[in-house]
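The sequence and the structure come first, and the description follows.

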Amino acid sequence: MAGSSLEPAGRAWWRHAAIYQIYVRSFADGDGDGTGDLAGVRARLPYLVELGVDALWFTPWYLSPLADGGYDVADYRTIDPAFGTLAEAEKLIAEAREHGIRTIIDIVPNHVSDQHAWFRAALAAGPGSPERELFHFRPGRGVNGELPPNYWVSEFGGTPWTRLDDGEWYLHLFAPEQPDLNWAHPAVRREHEDVLRFWFERGVAGVRIDSAALLAKDPALPDFTPGRDPHPYTDRNELHGIYRSWRAIADEYDAVFVGEVWLPDTERFVRYLRPDELHTAFNFTFMACPWEARRLRAAIDETLAEHAPVGAPATWVLCNHDVTRTVTRYGRAQTGFDFAAKAFGTPTDHALGTRRARAGALLSLALPGAVYIYQGEELGLPEADIPLDRIQDPMHVRSGGTDPGRDGCRVPLPWSADAPYAGFGSRTRPWLPQPASWPSYAADRQERDPDSMLCLYRAALRLRRMEQGFGAPALGWLAAGPEVLAFRRDTDCSGEALICVVNLGREPAELPEHRAVLLTSGPLDDAGRLPTDTAVWLRG
Ligand code: GLC
């Protein structure tokens with residue numbers, strides 16, 4: 001990308017970027033049909049400029065039957081007509097870049113849609129055909145092949161195998177509409193390398209890799225006991241060769257990767273971040289942390305320590321399209337991150353959650369590395385309750401109806417308090433219903449309220465760009481009580497530091513010595529102390 005190569009290597013844009021995640025279907029509806037689209041995003045570019053983000057990550061926008069919100073891709077080189085056209089995507093990428101905003105797209109290499117040309121050809125060609133070798137087709141077990149080929153469990157629950165009329169079964173680690181590709185096949189590798197070039201040629205600056213640790217499979221697809229046997233489909237060594245060849249392509253275009261790598265073993269996790277592999281990966285340890293000082297500090301320390309030897313920047317994420325919204329999560333007694341096994345009707349204290357989400361925003365934006373902001377977090381949206389008959393997420397159905405699924409964080413955004421559907425842009429009802437409270441979160445209302453979440457995010461992102469202290473590569477902890485997170489980021493040259501203090505305890509906390517108060521997530525008390533569940537940025 002123009003620009004990034006001019007920056008000193010240690011300050012390359014992706015090492016410290018604020019990246020805004022756009023779930024296209026729910027961002028803004030440009031043509032009024034009830035579904036968000038690229039026209040909606042283009043119309044809202046000024047909002048994103050004003051917000052102050054450096055890059056946009058678009059969840060999949062390709063042709064898709066939307067059996068899993070677009071993570072079932074039927075054709076990587078076509079934009080889904082519900083979202084727009086390829087020409088429009090090209091315009092959007094260029095227009096955003098003119099505003100200094102880069103584009104990151106989402107590639108889903110583990111699987112395709114069952115409507116993808118390859119899978120349709122594989123079905124038509126029948127057992128034993130070369131077309132089926134691109135996927136994992138197997139005969140079943142049992143006398144008549146009536147049992148699935150193994151006893152693996154789908155990421156969405158239940159068996160990951162579906163049987164066809166011709167008797168063969170095919171593997172899908174997610175929904176049946178998402179058949180897994182066979183990454184041992186050279187055509188699968190070639191095709192993905194081609195897809196990367198296709199998008200890099202169109203000005204895309206980065207790629208998010210979906211389910212990045214799941215692609216490679218043990219060809220025997222064996223049963224296994226977790227913890228005892230080598231895992232047949234997670235974090236297999238073959239993956240590193242795949243990502244090294246991807247990296248060589250990205251380097252030709254000065255483009256970057258962010259991997260969705262869910263691995264509890266940090267030593268294994270950072271292997272993906274070696275200098276000739278992925279530039280970054282999502283840090284789910286931090287996201288999964290409850291609102292507890294000790295746990296958060298440990299997650300921050302571990303994250304920074306594990307990234308240091310490979311020279312990769314950390315990433316900080318509070319929320320995404322798969323997990324419960326931050327405000328709701330932090331308002332609960334138990335604040336796990338809830339990817340799966342959510343429960344209906346878990347009580348939440350909304351005011352508490354909002355206060356903590358405000359403080360959490362300042363915390364995540366003050367840490368060294370790149371930060372991701374999921375659309376609607378800057379509006380402080382809570383998780384929505386979706387009526388049962390309107391739930392679309394396959395996770396709900398696959399859980400036997402016990403898990404509400406992920407739609408509650410995917411509700412169309414509120415833009416204008418007084419417009420139909422809170423200004424989402426639809427003339428007809430949006431694809432997911434908005435709660436009655438939505439107008440009160442509308443961007444136009446928050447713009448006029450200096451105490452709103454939106455104004456907090458704007459101010460924080462502006463300071464994050466302007467203040468010298470944010471350029472410091474590391475952080476140092478300051479002495480504070482066990483319930484207080486306090487750290488400094490000192491620059492070598494200017495002598496200026498950023499200090500961030502977050503009070504997670506019950507008592508107000510004294511501020512450390514400082515030159516100026518830059519921003520607070522809530523008012524200081526009369527004695528100038530930091531109240532419970534509040535964060536402050538200071539210039540040191
Ligand atoms: C990732 C995505 C999620 C999707 C799954 C299957 O976890 O973030 O939304 O359902 O992969 O592609």
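## Helices α11 and α14

The axes of helix α11 (residues 350–366) and helix α14 (residues 453–466) come within 10 Å of each other and cross at roughly 10°. Helices (H or I, at least four residues) and strands (E, at least two) are DSSP runs, numbered from the N terminus. Axes are lines fitted to C-alpha atoms, for helices over the stretch in contact, and angles run from 0 to 180 degrees between N-to-C directions. α11 and α14 are therefore roughly parallel to each other; angles under 35 degrees count as roughly parallel, over 145 as roughly antiparallel, 65 to 115 as roughly perpendicular and the rest as oblique. The crossing of α11 with α14 is right-handed; a crossing is left-handed if the near helix is turned anticlockwise from the far one by less than a right angle, and right-handed if clockwise.

On the α11 side the contact is made by Thr354, Ala357, Arg358, Ala361, Leu362 and Leu365, and on the α14 side by Met453, Leu456, Tyr457, Ala460, Leu461 and Arg464. Contact means heavy atoms within 4.5 Å. The residues of this contact of α11 with α14 comprise nine nonpolar, one polar and two charged. Ala, Val, Leu, Ile, Met, Phe, Trp, Tyr, Cys and Pro count as nonpolar, Asp, Glu, Lys and Arg as charged, and the others, Gly among them, as polar.

## Basis of the model

This is a predicted model, in which local features need pLDDT of at least 70 and side-chain atom pairs count only at pLDDT 80 or more, while totals for chains, interfaces and linings use all residues. Residues are numbered from 1 along each chain as its sequence is written, and side-chain values use heavy atoms, with hydrogens and water left out.

## Leucine 454

Helix α14 also holds leucine 454. With 0% relative accessibility, leucine 454 counts as buried; buried means under 20% relative accessible area, exposed over 50%, partly exposed in between (1.4 Å probe, protein chains only). Not counting residues up to four places away in sequence, leucine 454 touches Tyr47, Leu51, Glu378, Leu379, Ala443, Gln446 and Glu447. Leucine 454 and threonine 59 are 395 residues apart along the chain, and their C-alpha atoms are separated by 22 Å.

## The eight-stranded sheet

Eight strands form an open sheet with parallel pairing, in the order β11-β10-β9-β5-β2-β1-β13-β12. β11 (280–281) and β12 (315–317) stand at the edges with a single partner strand each, so one side of each has no neighbour in the sheet. Two strands pair if DSSP finds at least two bridges between them. Strand β1 (residues 18–22) and strand β13 (residues 370–374) are parallel and share four bridges, with isoleucine 19 opposite tyrosine 372 in β13.

Strand β9 (residues 206–209) is joined by four bridges to the parallel strand β5 (residues 102–107), and by four bridges to the parallel strand β10 (residues 256–259). Glycine 206 is the bridge partner of isoleucine 104 and also stands opposite valine 256 in β10. In a regular strand the side chains alternate between the two faces of the sheet. In β9, Gly206 and Arg208 point one way and Val207 and Ile209 the other, and all are buried.

## Helices α5 and α6

α5 lies across β5, β9 and β10, and runs at about 160° to β5. The axes of α5 and helix α6 (residues 238–253) come within 10 Å and cross at roughly 25°. These two helices, α5 and α6, are therefore roughly parallel to each other, and their crossing is right-handed.

From α5, Arg189, His192, Glu193, Leu196, Arg197, Phe200 and Glu201 meet Gly241, Ile242, Ser245, Trp246, Ile249, Ala250, Glu252 and Tyr253 in α6. By class, the contact of α5 with α6 has seven nonpolar, three polar and five charged residues.

An open sheet of three strands has antiparallel pairing and the order β6-β8-β7. β6 (137–138) and β7 (161–163) are the edge strands, each pairing on one side only. Three bridges link β7 and β8 in the antiparallel sense, and arginine 163 stands opposite tryptophan 169 in β8.

Proline 179 is in the loop between β8 (169–171) and α5 (186–201). Proline 179 has 1% relative accessibility and therefore counts as buried. Leaving aside neighbours within four places in sequence, the contacts of proline 179 include Asn110, His111, Phe119, Phe135 and Tyr170. Phenylalanine 137 is 42 residues from proline 179 in sequence and 9.6 Å from it in space, C-alpha to C-alpha.
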